[in-house]
Amino acid sequence: MQNVPVSGWQRKHDAIGAAALTLFARDGYERTSVDAIAAEAGVSKRTVYSHYGDKENLFLQVLRETYDAMRDRVQDIADRNLRDVDNVQEALTACIGEIVRTITRAPERSTLVRLVISEAPHFPAILDLWHNRGIVPIIAEPLAKLAASGRLSADDPALAAQHLSALTFGQVNNASMMGTVQLSDAEADRIITTGIAAFLRAYGPPAR
């Protein structure tokens, strides 16, 4: 597959977004100026406004774009690992392990979490990012297919996905303090494998 050239407009857009995310995380929304973002991105202040509008819209859009990019990566991982499943335990372990390695450890993910926690009281719209748009709906779809084929016992795939997420991603988040402490591969693998084992004890197919 050929690489699609990135336009000058897109390069500037991405540079502004990356600069804004860095400065908002470091200095907070109130203390971050559009002038500082423009300087960090290497563009003019006018260019920042032409891409994102005012400062508030810039802040919300950068969070949304960062979140959506990570969510798209999760969707790709789930599609690749849970499309054609022979062994449910192995497939779930591969899927969740890849998500943990590539998404939950990503620097922009921990930055996003810190911003949401610190700024959500001032920007309730931020919470819309998490409502029905997180990992759970992505995982629920393949779990529903596994249940329909008799490989899982899950009358409510959405609830099963919540439990799977809590037993794996939730425990990784707790142990890593939402990504601020780096977990070893061995510790992350232990959390994932024990969490999936507990999930399958509850949602595995009934014994024949």
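**Entry 1: H7 against H8**

I looked up how H7 and H8 pack: their axes are 8 Å apart and the angle is about 120°. That makes H7 oblique to H8. For the classes, angles under 35 degrees count as roughly parallel, over 145 as roughly antiparallel, 65 to 115 as roughly perpendicular, and the rest as oblique. The axes are lines fitted to C-alpha atoms, for helices over the stretch in contact, and the angles run from 0 to 180 degrees between N-to-C directions.

I noted the crossing of H7 and H8 as right-handed. On the H7 side I listed Val136, Ile139, Ala140, Leu143 and Ala144, which meet Pro157, Ala158, Ala160, Ala161, Gln162, Leu164 and Ser165 of H8. Contact here means heavy atoms within 4.5 Å.

**Entry 2: What I am working from**

The model is predicted, with local features needing pLDDT of at least 70 and side-chain atom pairs counting only at pLDDT 80 or more, while totals for chains, interfaces and linings use all residues. Residues are numbered from 1 along each chain as its sequence is written, and side-chain values use heavy atoms, with hydrogens and water left out.

**Entry 3: The whole chain**

I counted ten helices and zero strands in the protein. Helices (H or I, at least four residues) and strands (E, at least two) are DSSP runs, numbered from the N terminus. Along the principal axes, the C-alpha atoms fill a box of roughly 70 × 40 × 30 Å. The protein has 208 residues, of which 42% count as buried. Buried is under 20% relative accessible area, exposed is over 50%, and partly exposed is in between (1.4 Å probe, protein chains only). Among contacts with a separation of 6 or more, 69% come from residues 24 or more positions apart.

**Entry 4: H7 by itself**

I checked the length of H7: its 14 residues should span 20 Å at 1.5 Å a residue, and its end C-alpha atoms are 21 Å apart, which agrees. The expected span is 1.5 Å times one less than the number of residues. Buried in H7 are Ile138, Ile139, Ala140, Pro142, Leu143, Leu146 and Ala147. Their cover includes H4 (55-82), H5, H8 and H10. Just after H7, I found glycine 150 with a positive phi of about 85°.

**Entry 5: H10**

H10 covers residues 185-203, and its 19 residues reach 26 Å from first C-alpha to last, close to the 27 Å expected. Which residues of H10 are buried? I read off Ala188, Ile191, Ile192, Gly195, Ile196, Phe199, Leu200 and Tyr203. Seen down the axis of H10, these buried residues fall within an arc of 155°, so they line one face of the helix. The arc is that of the directions from the helix axis to the C-beta atoms. An α-helix has 3.6 residues a turn, so residues three or four places apart point the same way. On the face of H10 turned away from its buried side I found the exposed residues Ala186 and Arg201. The buried residues of H10 pack against H5 (88-104), H7 (135-148), H8 (157-167) and H9 (169-175).

**Entry 6: Threonine 168**

Threonine 168 sits in the loop between H8 and H9, and I have its relative accessible area as 0%, which is buried. Setting aside neighbours within four places in sequence, threonine 168 is in contact with Ile96, Ile191, Ile192, Gly195 and Ile196.

**Entry 7: H4 against H5**

The axes of H4 and H5 come within 9 Å and cross at roughly 155°. That makes H4 roughly antiparallel to H5. Among the residues making this contact are Met70, Val74 and Ile77 of H4 and Ala91, Cys95 and Ile99 of H5. The crossing of H4 and H5 is right-handed.

**Entry 8: Two histidines**

Histidine 13 is in H1 (residues 8-31) and counts as buried at 7% relative accessibility. Beyond its neighbours within four places in sequence, histidine 13 is in contact with His51, Tyr52, Gln61 and Glu65. Histidine 51 belongs to H3 (residues 45-52) and is buried, with a relative accessible area of 11%. Not counting residues up to four places away in sequence, histidine 51 touches Trp9, Lys12, His13 and Ile16.

Key
A crossing is left-handed if the near helix is turned anticlockwise from the far one by less than a right angle, and right-handed if clockwise.
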